[in-house]
Amino acid sequence: MKQIWDFHGGIHPKENKEQSNQDGISDAGIPPRLILPLQQHIGHRAEPVVSVGDKVLKGQLIAKAVGAISVAVHAPTSGSVTAIEDHPVPHASGMTDLCVLIETDGKDSWCERTPCEDYSTLSKDELLSRIRNAGIAGMGGAGFPTAIKLHPPRQDKVNTLILNGAECEPYITSDDRLMRERASEVILGLEIMAYILQPGECLIGVEDNKPEAIAALREAAKETQVEVVTIPTKYPSGGEKQLIKILTGSEVPHGRIPADIGVMCQNVATAAAVYRAIRFGEPLISRVTTMTGDCIANKGNQNVLIGTPIDWLLEQNGYLNQKGSRLVMGGPMMGFTLHDTKLPVVKTTNCLLAATNKELTPPQPAQACIRCGMCSEVCPAELLPQQLYWFAKGQEFEKAEHHNLFDCIECGACSYVCPSTIPLVQYYRYAKGEIKQIKADQEKSNQARERFEFRQERIEREKAEKEAKRKARAEAAAKAQAAKKEAAAAKGTAASSPTEGSTANDKAAAIQAALQRVEAKKQAQTAPEVTLESLQKKLLSAEDKLSKMENAWKDAVENNPERAEKLATAVESSKTNVAKLNAQISEMNKGTGQAGGSEPQAPVGPSIEELQKNVDKAKSKLQLMLDTLEDAKLNHPDRVEKLERAITKNHTRVSHAETALSEATNAKKTTESTESNG
Amino acid sequence: MSIILSAILTLLALAIVFGAILGFAAIKFKVEGNPIVDEIDNLLPQTQCGQCGFPGCRPYAEAIANGEEINKCPPGGEVTIQSLADLLDVEATPLDAEHGEEKGKQVAVIREDECIGCTKCIQACPVDAILGAAKQMHTVIADECTGCDLCVEPCPVDCIDMVLVPEDIKSWTWENPGNQPQIAGNIIATDKAPEVAV
């Protein structure tokens, strides 16, 4: 028998589990419409990879994980995407978020899956990537991406892997039923996780109010190293840090994670999901949800597709809407009230509690704190709830933080025992939110200050540079002035004294010689053995390259916008290259034309026939355009404007060509006439 | 007599020794600038909007350190005034309406169809949060914008709007339970607001 420890505080609220744990898990069926929020987890929102109107198959990826901490979303059944839009999601704020809406077709046909008989044939990285691609997030409530949790930094060796089957919160029985009916899946999932992490021991902590689940797990874990540990029933023993304290006796330090002390905690439902993802290649598309509360006729646990609308689910189970009833997602201690039933079930929905006024009495008005200290007696994190309450109420957030407000797990034990019915947890949540807001603001203002200071510095620097340039120019001008004066003076003196004049002449000669040297060097550089042929070859290859690149670019624009940008710059540079070569060649042509006197008829311009052709071409094009314009006026009024613009452009082109032609013919006539005259 | 003399000499020696230590420390551990200015600057919202009449947050921080009023910062609002009052141990005064009103968090948005690419707003932005070039459309980097509205005035075609940053599901935080009327204040349970069935 393994030794277990106790954690500080805790309460024993009425369990209310027998209403829903009597019958087995039934199937909720396929609703006509599914609403899939793209953020059902902690981290970045997933990005949709389907578009409206797409047909999707069961298990098909519809939104991919973006960023380091994110989780993919899959289609829970086959159907078609009807919308990708903001839709109310189950969140304490009651706000909307981006969702993919799917109309189901009832066929429930699977997409292709990659099952794996034996997980030990796969590498750890492969297993992690499969878990990541299956879109599994912690199903206990927080929704932290499982693949990331299973991949702690290398220095943190996980010695103890714990599966959390405590399910301490009243009313909820989804994990209980799951452990009873799918114990082997839980154990196999745990084995896969253990294969990835290689821990020293594997424990499953289950509260002693679930004897059937414990028996089922023990039976399934018979041949394995897994130890099922029975822990006393006390709320909140299912809290991660509390369960670690119970099973290992060690505490997670402030501001750290369990992996820092060599422990990892996973939910039992997550383990089952990991097993299904690896063994059958099934992504996380459904979960077991407890439907309970006196407003529901058929209480029990159901296997619900993620995204199932809650109103449809309630209707299926006989929802009796009563005045003053409350619909809570999660348990009565840590759940939040939903103000709308047109919300979907998400990956973290372990319970839907539709409670009557009698079951969940509305909050009584808060009275003054009488400093009885009961809250600090029950606090599982060993905080001073009363002090935190004063600080939060008085908005002394810094002090609240110093009293370790962020170690509060918001379990609600303090509010439960408070004789003055003060909504303590709400105060802590408020204070936490404010502190986070203040920190974000501070960070933003620091960033703004940095940018502002950088800008000031840049402006100063630019000013200084301008000033320096101005000074340099002034100095150069002054020097030139002085040199001019000196030269004038030298001229003057040269006439009077021949000795000085000779030195000045020497100087001038030296400068002349230096200039000549520079000139010679330049020529040597600019006139290497580039021949016309080599340049033309280069031009050909450059043009070839350019056309290839342009093709690639066009291709990339359609398929790969990131690459397209790079290619665009490459194309640009290639174009300039071609232009440069062209210029060089024309220069060379000129040069040869001038230098080689033996070739008197250097091509001066296009011949008259060519010009005539150009004119004809331009005219025919213009005619074509005018025709299309007529056509466009009748059929495409939106194109008319563009066409008109093009036509005016063409008009100028024609007139240009005509003037060129007439000039050329004139020139020819004059030369002919002069020749005949001669 | 010798006792008095020796006492005086001893005290003199001590005074010289300690004086030397203090003098050395004053040079060695000299504090550059005024540290209180940094602390004040830290509390200001760094919008660099100049609504206080100073060219930026730091100049205003320096002015506060020299005895300027602390209620001239509309973007910071009451929260900044309160924290400045706590830091400087002076009375918190209400915001001086002469310098503007406290508005919510804002961000500048350029109506891009109307932008003519004059770069005037780029030059006006104190935190380089506007991107663009001459004769090209400009746009605001929303994450860097402090909402100072200094770019609105120079725009020749009035295509810049200051919009309030809406609260979304990521920026949402829990409300102060003390502000909820049905919980606070009503001591008698039957005073509660009527329940609404879900």
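Start with chain B and colour it by domain: the assignment gives domain 1 (35-99) and domain 2 (103-168), with bounds that come from an automatic or database domain assignment. This is a predicted model, where local features need pLDDT of at least 70 and side-chain atom pairs count only at pLDDT 80 or more, while totals for chains, interfaces and linings use all residues. To find your way around, count residues from 1 along each chain as its sequence is written, with chains lettered from A and ligands numbered from 1 in the order in which they are written.

Stay with those two domains for a moment. The centres of domain 1 and domain 2 of chain B, taken over C-alpha atoms, are 25 Å apart. Where they touch, six residues of domain 1 of chain B are in contact with seven residues of domain 2 of chain B (in contact means that the C-beta atoms, placed from the backbone, lie within 7 Å). On the domain 1 side of chain B, that gives one nonpolar, five polar and no charged residues. Here Ala, Val, Leu, Ile, Met, Phe, Trp, Tyr, Cys and Pro count as nonpolar, Asp, Glu, Lys and Arg as charged, and the others, Gly among them, as polar.

Now show both chains. How many residues of chain A are in contact with chain B? There are 34 of them, and they meet 27 residues of chain B. Select S15 and helix H13 (424-496) of chain A, the elements that give two or more residues to this side of chain A. Helices (H or I, at least four residues) and strands (E, at least two) are DSSP runs, numbered from the N terminus. H13(A) brings the largest share, 13 residues. The side of chain A that touches chain B splits into 11 nonpolar, 14 polar and nine charged residues.

Next, pick strand S9 (residues 160-165) of chain A. Is S9(A) mostly covered or mostly open? Mostly covered: six of its six residues are buried (a residue is buried if 20 or more other C-beta atoms lie within 10 Å of its own, exposed if 12 or fewer, and partly exposed in between, with C-beta atoms placed from the backbone). A:Thr160, A:Ile162 and A:Asn164 sit on one side, and A:Leu161, A:Leu163 and A:Gly165 on the other.

Look at what lies beside S9(A). It pairs in the parallel sense with strand S10 (residues 201-207) of chain A over six bridges, and two strands pair if DSSP finds at least two bridges between them.

Time for the largest nonpolar core, which has 128 residues. A nonpolar core is a set of buried Ala, Val, Leu, Ile, Met, Phe, Trp, Tyr and Cys residues joined through C-beta atoms within 7 Å. Highlight A:Ile162, A:Val186, A:Leu217 and A:Val274, which touch the most other members. Then click A:Leu217: leaving aside neighbours within four places in sequence, its contacts include A:Met179, A:Ala183 and A:Val228.

For a last stop, select strand S2 (residues 33-37) of chain A, where four of the five residues are buried. S2(A) pairs with strand S8 (residues 96-104) of chain A in the antiparallel sense over five bridges. Find A:Arg33 and you'll see its bridge partner in S8(A), A:Glu103.

Key:
Contact = placed C-beta atoms within 7 Å.
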